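Q: I would like to learn how to read a protein model one feature at a time. Could you take me through this one, giving the idea behind each feature and then the case at hand?

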Amino acid sequence: LTVALTTTTTTPPPARANPIDDFNVAALLRKAKYFLGPLQLMLDRLVALERVEASLAAEDLVSELGKATLDCVNPRGPLASYANVRDVCTLNILVKSATRGPAVVNPPGTIENANVVAAQEALIKGYDALALELGRAPVGDSRAAAFAECRGLVKEMAFALLGCFRLEAKDAAGIERAFPELFAGAEPGTAEANGAIRGVRFS
């Protein structure tokens with residue numbers, strides 16, 4: 001009696017990367033999304049404020065500006081007094097965590113640190129200029145220009161902050177797709193870990 005045996009072979013799954021590396025990348029992706037959330041909120045609130053600012057009373061305008069800038073200008077409510085002893089500006093808190101830790105560490109001397117600090121300073125100056133603009137009568141399109149400048153600076157801040165996480169291009173592109181308004185008009189994956197100063201202006 002002859003028994004024919006049929007054997008089958010299966011293609012083994014591709015070798016996995018080091019599970020620890022996978023875990024670390026996943027953790028960085030979660031952190032990056034968490035850090036970009038407040039910037040998306042800033043952008044949304046700037047757009048909303050521009051729509052209604054002409055109809056707001058001075059006191060309401062001050063409060064709404066604090067809301068739009070996440071307390072980087074005109075801290076709101078209890079934060080106003082707390083700001084005397086602790087930094088309550090959300091932007092500053094994010095930058096500290098993305099340079100000094102605990103989120104990631106990018107010490108002075110690294111291009112990631114230089115980029116994000118420069119973007120931070122530019123955005124704060126933009127907010128200060130917007131506050132001055134809102135406190136006086138507009139001249140021509142000065143009001144629209146001030147808002148457009150801040151929107152562009154928020155987007156530049158998003159690139160610089162994402163760069164702090166030193167992600168590979170494909171991972172950075174995935175984060176950019178999750179925040180299309182923040183990265184609109186940019187080539188996907190351009191905020192990866194190479195840290196190059198983009199010099200791109202957004203509006």
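Q: Is Leu 70 buried or exposed, and what is its relative accessible area?
A: This is a predicted model, and what follows describes that prediction. A residue is called buried when its relative accessible area is under 20%. Leu 70 has a relative accessible area of 6%, so Leu 70 is buried. Leu 70 belongs to the loop between helix 2 and helix 3, the latter covering residues 78-82.

Q: What is the phi of Leu 70?
A: The general idea is that most residues other than glycine have a negative phi, and most peptide bonds are trans. Leu 70 is not a glycine, and yet its phi is positive, at about 55°. Another residue to look at is Arg 166, which is not a glycine either and has a positive phi near 50°. Arg 166 sits in the loop between helix 6 and helix 7, and because its relative accessibility is 40%, Arg 166 counts as partly exposed.

Q: Which peptide bond is cis, and where does Pro 102 lie?
A: The peptide bond that leads from Gly 101 to Pro 102 is cis, with an omega near 15°. Pro 102 is part of the loop between helix 4 and helix 5, while Gly 101, which follows helix 4, has a positive phi near 95°.

Q: Which residues does Asn 113 touch?
A: When residues up to four places away in sequence are left aside, Asn 113 touches Thr 99, Asn 106, Pro 107 and Pro 108. Asn 113 is itself part of helix 5, which runs over residues 111-134, and with a relative accessibility of 11% Asn 113 counts as buried.

Q: How do helix 2 and helix 5 pack?
A: One way to describe a packed pair of helices is by the angle and the distance between their axes. Helix 2, made of residues 58-68, packs with helix 5 at an angle of about 165°, and the two axes are 11 Å apart. An angle over 145 degrees counts as roughly antiparallel, which is why helix 2 is described as roughly antiparallel to helix 5. The crossing of helix 2 past helix 5 is right-handed. On the side of helix 2 the contact is made by Leu 61, Leu 65 and Ala 68, and on the side of helix 5 by Tyr 127, Leu 130, Ala 131 and Leu 134. Sorted by class, this contact of helix 2 with helix 5 holds seven nonpolar residues, no polar ones and no charged ones.

Q: How many aromatic pairs are there, and how is such a pair read?
A: A pair of aromatic rings is described by the distance of the centres and the angle of the planes. In this model the count comes to three aromatic pairs. For Phe 159 and Phe 183, the ring centres are 4.9 Å apart and the planes stand at 85°, so this pair is edge-to-face. Phe 159 lies in helix 6 (residues 142-163) and Phe 183 in the segment after helix 7 (169-178), so the pair ties together parts that are 24 residues apart in sequence. Phe 159 counts as buried at 6% relative accessibility, and Phe 183 counts as buried at 4%. Ring pairs also link Tyr 34, Phe 35 and Phe 165 into a cluster.

Q: How far apart are Ala 32 and Ala 172 in sequence and in space?
A: Ala 32 and Ala 172 are 140 residues apart in sequence, and their C-alpha atoms are 9.1 Å apart in space. Ala 32 lies in helix 1, which covers residues 19-52, and counts as buried at 1% relative accessibility. Leaving out residues up to four places away in sequence, Ala 32 touches Leu 162, Phe 165, Leu 167 and Ile 175.

Q: How many helices and strands does the protein chain have?
A: The secondary structure of the protein chain comes to seven helices and zero strands. Of the 203 residues in the protein chain, 41% are buried. Among contacts between residues at least 6 apart in sequence, 66% join residues at least 24 apart.

Conventions: Residues are numbered from 1 along each chain as its sequence is written. This is a predicted model: local features need pLDDT of at least 70, side-chain atom pairs count only at pLDDT 80 or more; totals for chains, interfaces and linings use all residues. Side-chain values use heavy atoms; hydrogens and water are left out. Helices (H or I, at least four residues) and strands (E, at least two) are DSSP runs, numbered from the N terminus. Buried means under 20% relative accessible area, exposed over 50%, partly exposed in between (1.4 Å probe, protein chains only). Contact means heavy atoms within 4.5 Å. Axes are lines fitted to C-alpha atoms, for helices over the stretch in contact, and angles run from 0 to 180 degrees between N-to-C directions. Angles under 35 degrees count as roughly parallel, over 145 as roughly antiparallel, 65 to 115 as roughly perpendicular and the rest as oblique. A crossing is left-handed if the near helix is turned anticlockwise from the far one by less than a right angle, and right-handed if clockwise. Ala, Val, Leu, Ile, Met, Phe, Trp, Tyr, Cys and Pro count as nonpolar, Asp, Glu, Lys and Arg as charged, and the others, Gly among them, as polar. Rings of Phe, Tyr and Trp (its six-membered ring) pair if their centres lie within 6.5 Å; planes under 30 degrees apart count as stacked, over 60 as edge-to-face and the rest as tilted.
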